[in-house]
Amino acid sequence: MALACAMTTPESTVFEKLFHDDQPIGGGGTAIWFTAAACPLAIKHSQIEPTHKAEQITPSSTLPAVAWAMEIIWIDIRYECIPVCPMRNYASIARKARDNCDLRRSQPSRPLLTLEVESDFLREGHAMFCYQCEQTSKGQGCQTIGVCGKDETVATLQDLLLHVVKGISMYAHRSAKLGAADPEVDAFIIRAIFATLTNVNFDPGNLVGLIYQAVGVRRAARYLYELSCSRAQTAPAELHGAATWVPSTTLDGLLAQGEMVLLPVRRLIEGKEISDLKELVLYGIKGVAAYAAHALEFGVVRPQIYAKFHEVLDFLTHPAPTVEELLAMALAVGELNYQVMEMLDRAHIEAFGAPQPTMVRLHAIGGKAILVSGHDLHDLYAVLDQTRGLGIQVYTHGEMLPAHSYPKLKAFSHLAGNYGGAWIDQAEEFAAFPGAILMTSNCIQEPTKEYKGRIFTSGPVAWPGVTHIQDRDFSPLIAQALLLPGYVEDGLDDEILIGFGHDTVLDLADQVIAAVKLGAVRHFFLIGGCDGARSGRTYYSELAEKVPDDCLILTLGCGKFRFNKLDFGYIAGLPRLLDIGQCNDTYSAIKIAQALAEAFQCGVNDLPLSLVLSWYEQKAIAVLLTLLHLGIRNMRIGPTLPAFLSPEVLKLLHEKFNLQAITTAEEDLAAMLV
Ligand code: SF4
Ligand code: SF4
């Protein structure tokens with residue numbers, strides 16, 4: 001594996017090194033000194049003798065000139081120099097810096113920055129680093145293969161795809177500021193980002209295609225920007241890095257290029273605190289993109305929302321954001337997610353009607369069968385529509401459960417029931433299902449041989465060797481279902497109650513308020529979010545079971561499958577467990593909380609309401625940022641804390657929002673009921 005350059009002082013960022021050095025800068029003595037001769041990659045990729053690679057420039061006495069030069073060099077180190085030849089690029093940058101800033105070559109007295117050795121991470125042979133989800137290896141980062149099954153090829157291609165997407169947004173953000181937008185560019189970045197979420201796209205061929213497609217989209221975005229500038233009679237900015245990066249034409253070349261965007265390499269350049277916070281913003285925007293992609297399937301388009309996406313992604317290319325700027329941007333991502341969840345909520349309701357309380361069958365009806373998993377209600381509708389009159393029963397799985405509460409979906413008589421639990425059990429459950437299976441979004445796991453031949457993907461999901469359905473033509477899925485035996489007989493008649501979206505609960509508002517005023521309902525708990533494989537997640541079922549009888553539990557997301565089949569009974573005529581829906585239905589939960597706060601003439605934080613969140617992947621991060629943006633305090637989060645939140649950031653979030661890690665069900669319950 002090729003080696004990459006890294007700074008000799010990993011604890012310092014370039015700018016810290018530049019500005020916080022105790023020696024005066026300028027005066028003809030101090031130099032920015034690249035000992036590229038010591039960079040193995042430079043030697044490997046160039047014809048120049050190592051001794052020729054040491055370039056030295058001495059800045060004039062003006063600090064801004066040095067900063068300017070450093071910024072350009074820094075950007076190019078990150079995005080362009082490393083995978084090719086640092087010295088070749090450096091020479092042109094130095095020339096440019098000299099021309100523009102009166103820098104002149106001379107002998108250095110002391111190097112400010114030395115590029116000389118590869119990072120330990122790369123020396124140890126790692127070619128991937130990912131810590132975007134809760135199950136990340138050792139709670140630190142997946143470095144050889146993802147716990148999710150993502151290998152280094154897929155990880156690298158996803159990193160590169162995000163890199164080009166940022167380049168697209170560099171142009172699109174500037175176009176948006178000039179009042180121009182291209183809906184195709186907007187839609188592309190949303191769908192491309194979705195492909196990089198946990199448990200979505202594991203197909204290298206598909207990701208390579210997206211990278212090349214992204215370069216074409218970037219060209220369109222650049223053209224629009226230049227056109228907008230010309231109309232506004234202003235000169236376009238000269239953009240670099242992700243805006244101009246050229247992908248290799250081979251897979252090996254792409255993988256070599258991928259080293260430049262690996263997080264450990266970026267950490268060496270930007271510093272851990274900044275790069276970790278950038279990841280927080282990135283993971284947040286990934287989650288928002290997933291929800292926006294679902295809304296897009298319903299034709300919902302709001303240019304100002306896409307403009308914000310571009311602003312955030314462009315921001316992530318800035319070389320030196322401060323901690324304060326990054327935290328402010330993280331909360332802005334939370335605000336954006338609130339708007340997108342509202343947009344998706346409206347899209348669902350306009351398409352299928354408002355969710356209603358509905359009993360959902362949990363067992364089979366004899367006959368041919370299709371199982372639909374993931375979050376895309378539009379896909380489910382199309383499957384139901386295309387299977388009318390064919391004698392196929394359609395079952396929901398995982399996050400598709402709330403579909404049964406939408407009037408237009410439950411009107412299909414062959415929407416037979418809900419099968420199984422959360423995504424983590426899919427290997428066993430899909431193997432046992434006697435029909436064809438469709439995965440419409442995350443969370444897919446590696447299909448086992450028992451069902452690999454009868455599982456299909458759609459939308460952003462892809463797995464090598466699994467048939468991907470295009471344009472909602474589900475004929476291959478239906479044909480497969482007709483070939484398979486299906487259920488030979490009806491199963492038991494168990495049911496669960498779902499369908500407590502904001503409209504339903506607000507219709508019950510008077511009843512709820514009266515129950516609280518009479519003391520029949522003491523406290524509300526929102527126990528929701530994702531599920532995952534860690535043993536610590538039993539906390540959530542223990543907590544739900546231990547909630548006293550005079551309290552209501554609201555739930556959403558796939559975390560509920562740990563307790564949603566338990567009998568919680570009723571209180572003051574209300575079910576004690578109110579299933580609000582999918583994780584994006586956090587919007588409903590917020591509306592319910594706001595309505596209660598209004599009824600009781602207090603703030604949401606003053607309500608007898610406790611939020612206990614289980615996170616797993618990036619949508620949960622977007623949701624968390626939304627709740628923080630809304631100023632919700634005292635939330636508990638688990639089962640473990642995100643690896644990308646440093647102790648300092650966690651301390652800050654604790655101080656500002658009293659965000660806490662879960663402890664034990666007993667301890668937390670006692671604290672929440674004080
Ligand atoms: S998505 Fe999660 S499990 Fe997969 S590689 Fe990244 S951190 Fe690891
Ligand atoms: S709620 Fe999160 S963990 Fe659960 S299926 Fe959806 S994306 Fe996956």
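Ala416 counts as buried because it has 22 C-beta neighbours inside 10 Å, where buried means 20 or more other C-beta atoms within 10 Å of a residue's own, exposed means 12 or fewer and partly exposed lies in between, with C-beta atoms placed from the backbone. The model is a predicted one, in which local features need pLDDT of at least 70 and side-chain atom pairs count only at pLDDT 80 or more, while totals for chains, interfaces and linings use all residues. Residues are numbered from 1 along each chain as its sequence is written, and chains are lettered from A and ligands numbered from 1 in the order in which they are written. Of the 674 residues of the protein, 52% count as buried.

**Ala416 and its surroundings**
- Ala416 belongs to strand β8 (residues 415-418), and helices (H or I, at least four residues) and strands (E, at least two) are DSSP runs numbered from the N terminus.
- Not counting residues up to four places away in sequence, Ala416 touches Arg361, Ile365, Gln393, Val394 and Tyr395, a contact being a pair of residues whose C-beta atoms, placed from the backbone, lie within 7 Å.
- Between the C-alpha atoms of Ala416 and Leu362 there are 8.8 Å, although these residues are 54 residues apart along the chain.

**Overall fold and nonpolar core**
- The protein has 24 helices and 20 strands, and among its contacts between residues at least 6 apart in sequence, 78% join residues at least 24 apart.
- The largest nonpolar core has 182 residues, of which Leu161, Val165, Ile168, Val281, Val333, Ile370 and Leu624 touch the most other members; such a core is a set of buried Ala, Val, Leu, Ile, Met, Phe, Trp, Tyr and Cys residues joined through C-beta atoms within 7 Å.
- Helix α11 supplies the largest share of this core, 15 residues.
- Ile370, leaving aside its neighbours within four places in sequence, is in contact with residues including Val383, Ile392, Val394, Leu438 and Leu477.

**Helix α22**
- At 1.5 Å a residue, the 12 residues of α22 (residues 618-629) should span 16 Å, which agrees with the 16 Å between its end C-alpha atoms; the expected span is 1.5 Å times one less than the number of residues.
- This helix is mostly covered, with 11 of its 12 residues buried, and Gly631, whose phi is positive, near 80°, follows α22.
- Leu628, which is found in α22, counts as buried because it has 20 C-beta neighbours inside 10 Å.
- Leaving aside neighbours within four places in sequence, Leu628 is in contact with Leu331, Gly334 and Phe657, and its C-alpha atom is separated by 7.2 Å from that of Phe657, 29 residues apart along the chain.

**Helix α12**
- The 13 residues of α12 (residues 303-315) should span 18 Å at 1.5 Å a residue, and the end C-alpha atoms are 18 Å apart, which agrees.
- Buried residues of α12 include Tyr306, Phe309, Val312 and Phe315, and their cover includes α6 (152-177), α7 (183-194), α11 (272-296) and α13 (323-352).

**Ligand shells**
- Ligand 1 is surrounded by residues including Cys130, Cys133, Cys142 and Cys148, where a residue is near a molecule if its C-beta atom, placed from the backbone, lies within 6 Å of it.
- The shell around ligand 1 divides into six nonpolar, five polar and one charged, with Ala, Val, Leu, Ile, Met, Phe, Trp, Tyr, Cys and Pro counted as nonpolar, Asp, Glu, Lys and Arg as charged, and the others, Gly among them, as polar.
- Around ligand 2 there are 13 residues, the closest being Cys443, Cys530, Cys558, Cys583 and Tyr616, and by class this shell has six nonpolar, three polar and four charged residues.

Conventions: Contact = placed C-beta atoms within 7 Å.
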